[in-house]
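Here are a few notes on the aromatic rings, jotted down as I went through. Have the structure open while you read.

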Amino acid sequence: MDNIILTQILVTPLVGALLVALLPDRRKLSAGVALTFALLTFFFTLHLPAHFNPSVSGFQFVQDIPWISTPAIHYHVGVDGLSLWLVVLTGLLAPVGVLASWKTIQTRSKVFYSLFLVQQTAMLGVFVSLDLMLYYGFWELSLVPMAILIAMYARTSGGNEGPRAALRFFLYTFIPSAPLLVAILWLYAKTGTFDFQLLQGAIYYGRFSPETLCWVSVAFLIAFAVKVPVLGLHGWLPDVFSEAPVAMAMVVAGKLGLYSLIRFHVGLFPVQAHQAAPWLVALASIGVLYGACLALVQKDFWKLLAYGTISSLSFCTLGIYGFTVTGLDGGVFQTINEGVIGAAMFVLLGVLYDRFGTSQISSYGGLAKKAPSLATLFVLISLAFMGLPLLNGFVGEFLVLSSTFGGVSKGWAAAATVGVILSAAYLLTLIQKVFYGPASDMTLANPNPDLNGREKTILWPLALVMLAMGILPNLWLTGIESQSKSVIGWSNLKPFVVPD
């Protein structure tokens, strides 16, 4: 099964999408089929950590099948310590997304769930592809369902906000992909291969001019930095968070871009990545402060979460470009944290929006008495978001900050630490305004705002995952560190110059 497990993981949601598209457009039927295939995909992803050997260097569960002879494109897939848990995370978020959409998607449900499952295939494909053209196909495929669903299922009905947010997202992420494709084709023209490992060797042993490689690496960097998003390229994120359905908003930022930065920017262009590192460390540290400060003054909780996410994702970038094993461990761990915590926060805010129909924080108040389960989970997940010890957010932030203090820059580390304090300020302020104090008229008018059984089924497992990651981080870090050492070791090698 090891030889075909990645193909099973990729094909399962695609089969589900096809089946949903062929069945009658009945809401519960479409949702039930989507949930079945999402759970089946998640079950298959659990095979990876169960059979992954962290002591083995390189990729595992590899399939390499020639696909197209000219150009030489292979169906080449595999995972290592960097991609392993991101595949599992994507599998976990699929049933979470379906359950979160169970009541909110009332019309054209077959369109929603079929495109949602196609999106899952695209994301999984990005994490397992070892052929650059195969990777690029999945990368571009991930944009299309997202843009369509944001436009079709925007929260603000009757206006142009949804289509506008979808268009902005598509343009921001699609336009930088054109130089990325040119750069990939240039590498193929020079080497005759799209294979990631062969390209690594060709770049290390080849005679590419440093100036040309610099431009190629910039094309890779910008395409990935937009998808993170890195500070300055984040203009699409607040609108998308405000309009996207919960199931799509929880996967739109972070994971694809951060993974691609590690795998294809640092992994292919170590010299150029080192040259860009001071700028990216500065942008990341400023991004931590910038996102936290803007989150602190937001009146809309979707915008607050958007800027809080920018701050959180900036920690990941800081860890990656510090070029230390500890920092990279923390960056990857924090990427997984962002997926789990962000999904839970989206579900919680989605519950509030579904119950009350507004995202204005000032409209809430005194909700804890009427919704104790909602308040308990909101506080617990917010504490994980702000990095409380014994929860997963602490581990990622601690690893990144300690490595930055010790080996990168004490000044930028201090600035990022202030961002941690500000994250506690905006999250505790949100909790105070929504759940405590005098009950608002809107709160008093709602007879039953607390969580139902379906919502508890989504949120409690995520909360337990956060606790497990905080108490037993080595279950995740063992596999991550095995590959972090390889990445950092590779990035510190000096390019080999072929003698004349």
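1. Start with Trp 139: Lys 227 lies over the face of its ring, 4.7 Å from the ring centre. To count as a charge over a ring, NZ of Lys or CZ of Arg must be within 6 Å of the ring centre and within 35 degrees of the ring normal. Arg 263 has its charged end over the ring of Phe 196, at 5.9 Å from the centre.

2. Keep in mind that this is a predicted model, where local features need pLDDT of at least 70, side-chain atom pairs count only at pLDDT 80 or more, and totals for chains, interfaces and linings use all residues. Residues are numbered from 1 along each chain as its sequence is written, and side-chain values use heavy atoms, with hydrogens and water left out.

3. Trp 139 and Phe 196 also belong to a cluster linked by ring pairs, together with Phe 59, Tyr 135, Phe 220, Phe 224, Phe 264 and Phe 269. Rings of Phe, Tyr and Trp (its six-membered ring) pair if their centres lie within 6.5 Å; planes under 30 degrees apart are stacked, over 60 edge-to-face, and the rest tilted.

4. How many aromatic pairs does the structure hold? There are 27. One of them, Phe 43 with Phe 44, is tilted, at 6.0 Å centre to centre and 50° between the planes. Phe 43 is exposed at 56% relative accessibility, while Phe 44 is buried at 12% (buried is under 20% relative accessible area, exposed over 50%, partly exposed in between, with a 1.4 Å probe and protein chains only).

5. Now look at Phe 112 and Phe 116: their planes are at 5° and their centres 6.3 Å apart, so this pair is stacked. Phe 112 is buried at 1% relative accessibility, and Phe 116 is buried at 1% too.
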